[in-house]
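Work through the exercises below with the model open beside the text. Each task is followed by a solution that goes step by step.

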Amino acid sequence: MTSARSTPSIEVDTDAAAEADLDVPGTPVPGTPEPGSFKSTSTDQPRHPAGFGTMLVLGLADLVIDLAVVATAIGVLAAIAGLGGALLGWSLTYLVPWLVLGPILGLLVLALLPWVLRGYGWAERHRAAAVYGVELTGLPRRHTHLRGFRGLLHQWWLDASDSTPWRALGFLALSALRILVLGLLVVAGVGGGIAFLLAPVVRWQADITYFLDLPNWTLSVLGGIALVIGLVTAVGAGYLDRFLARTILGVSEHTAMRRQLELVAAQRTSAVAAASDQRRRIERDIHDDVQPRLVSIAMTLGMAKGRLESDPAQARELIEQAHTESKETLVELRRLVQGFQPSVLADRGLDAALSAVVARSPIPVALDIDLSGGSCSQEAEGVVYFAVSEALTNVAKHARAQRCAVSVARVGDRLVATITDDGIGGAHVGDGTAGGLAGMRERAFAAGGGLRLVSPPGGPTTITVEVPCAS
Amino acid sequence: MRIVIAEDSVLLRAGLERLLADAGHEVVASLGTADGLLDAVATHAPHLAIVDVRMPPTWTDEGIRAAAVLRAQHPDVAILVLSQYVEERYAGELIATGGGGLGYLLKDRVADVDHFLADVARVGDGGTVLDPEVVAQLVVRSRQTATLAALTPREREALGRMAEGRSNAAIAAAMFVTEGAVEKHVGSIFTKLGLAPVDSENRRVMAVLTYLEGNTR
């Protein structure tokens with residue numbers, strides 16, 4: 001198992017790609033289906049016990065569907081084989097292009113295989129749930145933290161090295177075998193049975209002799225036996241399908257839990273990194289901003305004290321200076337302390353807390369908050385609060401923007417904040433232009449959410465933060 | 001003026017006592033929690049109560065809640081709320097308690113001694129004083145953006161100072177213009193906002209605050 005999540009702090013993109021991925025675990029990459037949801041209680045037991053009659057119907061229906069699927073698959077394979085044959089024939093005349101085209105086609109098919117199989121496994125799991133009421137737990141998907149082409153490659157490796165696609169392949173192969181063998185048996189049994197049973201009637205009506213001239217009762221018995229064999233096989237096919245789906249497509253709760261544990265461990269690493277990053281910044285701010293100011297005030301007052309007798313006019317001026325400096329220090333300190341955790345966030349919520357943040361911004365900010373969907377957990381609101389705060393600080397420092405818009409809304413069970421400015425763009429998470437956004441991303445990730453930065457050179461810059469409401 | 005103080009920081013409490021005594025006020029009681037505030041007010045019948053927002057036991061909004069109760073039970077006692085940081089939401093709750101004699105300031109403002117004492121006197125006289133930071137938040141949160149945008153920059157500045165509770169003279173001094181010019185600005189602001197002219201300074205503050213506050217949520 002590759003530890004894609006174990007070092008989330010180094011997933012920072014330093015190349016020119018201005019767009020960062022929204023690292024929301026559980027958000028499927030477009031085109032690939034979401035693996036089995038973790039919320040559903042994974043159980044191997046059917047929700048409703050299927051009786052013999054139900055299994056008969058289901059088994060027959062499944063066989064018909066699967067026959068169609070396999071027939072399609074065979075058709076496609078035949079088409080590919082035909083195409084291959086044509087290419088081969090063509091390549092005999094044009095050997096050189098084939099040498100180029102062959103590997104390219106091969107690589108393409110190979111590249112897409114894990115994802116196609118993932119999708120197939122996902123569909124089959126859902127079919128098992130719909131048909132048999134068996135909830136199968138898929139292995140939670142691992143998501144890369146790299147971006148751009150490297151991210152694509154890494155994601156491919158993560159998916160390909162997972163057992164999910166290959167279990168789906170195994171299921172496909174066994175299903176095909178099952179359909180070929182049992183399907184033939186069912187068709188033969190049911191078809192033959194009906195033919196034998198109808199034979200006496202047909203023979204009597206049409207007055208013709210066939211079927212070895214067997215007596216009527218023998219035909220009836222043979223037909224009955226064949227029909228029973230066909231129907232029992234159909235039921236068996238259903239049970240076998242369910243068994244295969246359960247054992248191959250689903251993973252045990254233990255395995256799924258272990259994967260989830262890896263994810264949680266990575267989130268915790270992220271949280272620890274974010275916390276220590278914040279501590280470092282607080283230490284640095286106090287050291288660089290507040291302490292020198294206090295030293296300066298003490299110095300100024302010391303000088304004033306020395307001149308109180310000899311030069312009262314200058315002493316007065318120095319005291320005036322120290323007074324001004326101390327007031328500036330108070331402002332600085334307030335700004336600093338507010339970065340910890342404003343109490344209004346705890347007792348009046350995000351809406352109220354953002355007022356002060358937005359009012360502090362030197363650039364005009366349009367604020368739009370819609371929490372009509374209900375408020376969220378304090379952790380989630382905290383993440384969004386600090387992200388907005390950080391983003392506005394960055395806008396003021398680096399963006400050279402004229403205006404800025406902040407919108408916060410609850411979308412479903414997620415809290416989403418978007419901060420847009422009309423500045424120069426070109427910000428990256430991780431370098432100086434996006435300040436503490438790397439830390440912000442860690443926090444968002446630790447809360448089970450993500451942060452996306454879109455900042456093409458020339459602007460505009462958009463930061464999107466989203467966290468699950470009940471993080 | 002007879003004053004009661006509720007402030008949990010011993011250092012700041014002592015400083016306030018000295019400062020107020022220096023200015024000729026009488027601090028009749030000073031407490032470390034909001035609990036005894038009502039009793040102290042009932043006992044000493046002060047003109048003004050100075051209340052910190054964050055106090056034991058939870059260090060969140062004790063002061064705001066105590067102010068609301070105080071307002072309900074002793075509407076004649078002026079209240080000055082001091083806070084580490086000011087919040088538009090708290091201000092809204094204080095304003096909603098109604099009446100004059102209300103102040104909400106950052107603790108930092110104490111450092112500007114003369115200014116602070118003037119604010120104390122004004123609140124004690126039944127006036128309203130709001131911290132500039134709170135006013136900035138109110139303006140940002142106001143949904144009346146269209147009308148506010150119609151104001152000239154000078155008018156917006158004058159509006160902000162009105163919301164802080166400044167008199168025409170104080171606004172004139174701060175904006176380096178004559179009182180006559182301020183009166184003109186004020187008249188223009190009231191026309192543009194569609195507010196009826198008011199006679200007293202305190203009712204003017206309330207009109208402006210209600211205007212900004214209204215429809216913010």
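The exercises that follow concern an interface, a nonpolar core and a sheet.

The model is predicted, so local features need pLDDT of at least 70 and side-chain atom pairs count only at pLDDT 80 or more, while totals for chains, interfaces and linings use all residues. Residues are numbered from 1 along each chain as its sequence is written, and chains are lettered from A and ligands numbered from 1 in the order in which they are written.

**Exercise 1.** Determine which elements of chain A supply the side that touches chain B.

Solution. Start from the contacts (C-beta atoms, placed from the backbone, within 7 Å): 19 residues of chain A meet 15 residues of chain B. Next, assign them to DSSP runs (helices H or I, at least four residues; strands E, at least two; numbered from the N terminus): helix H7 (312-338), helix H8 (343-360) and strand S1 (365-370) of chain A each supply at least two residues. The largest share, 10 residues, comes from H8(A).

**Exercise 2.** Find which residues touch the most other members of the largest nonpolar core.

Solution. Take buried Ala, Val, Leu, Ile, Met, Phe, Trp, Tyr and Cys residues joined through C-beta atoms within 7 Å, where buried requires 20 or more other C-beta atoms within 10 Å. Among the 106 residues of this core, the answer is A:Val384, A:Ala387 and A:Val388. Helix H9 (residues 378-399) of chain A gives the most, 11 residues.

How values were computed:
Contact = placed C-beta atoms within 7 Å. Buried ≥ 20, exposed ≤ 12 C-beta atoms within 10 Å, placed from the backbone.
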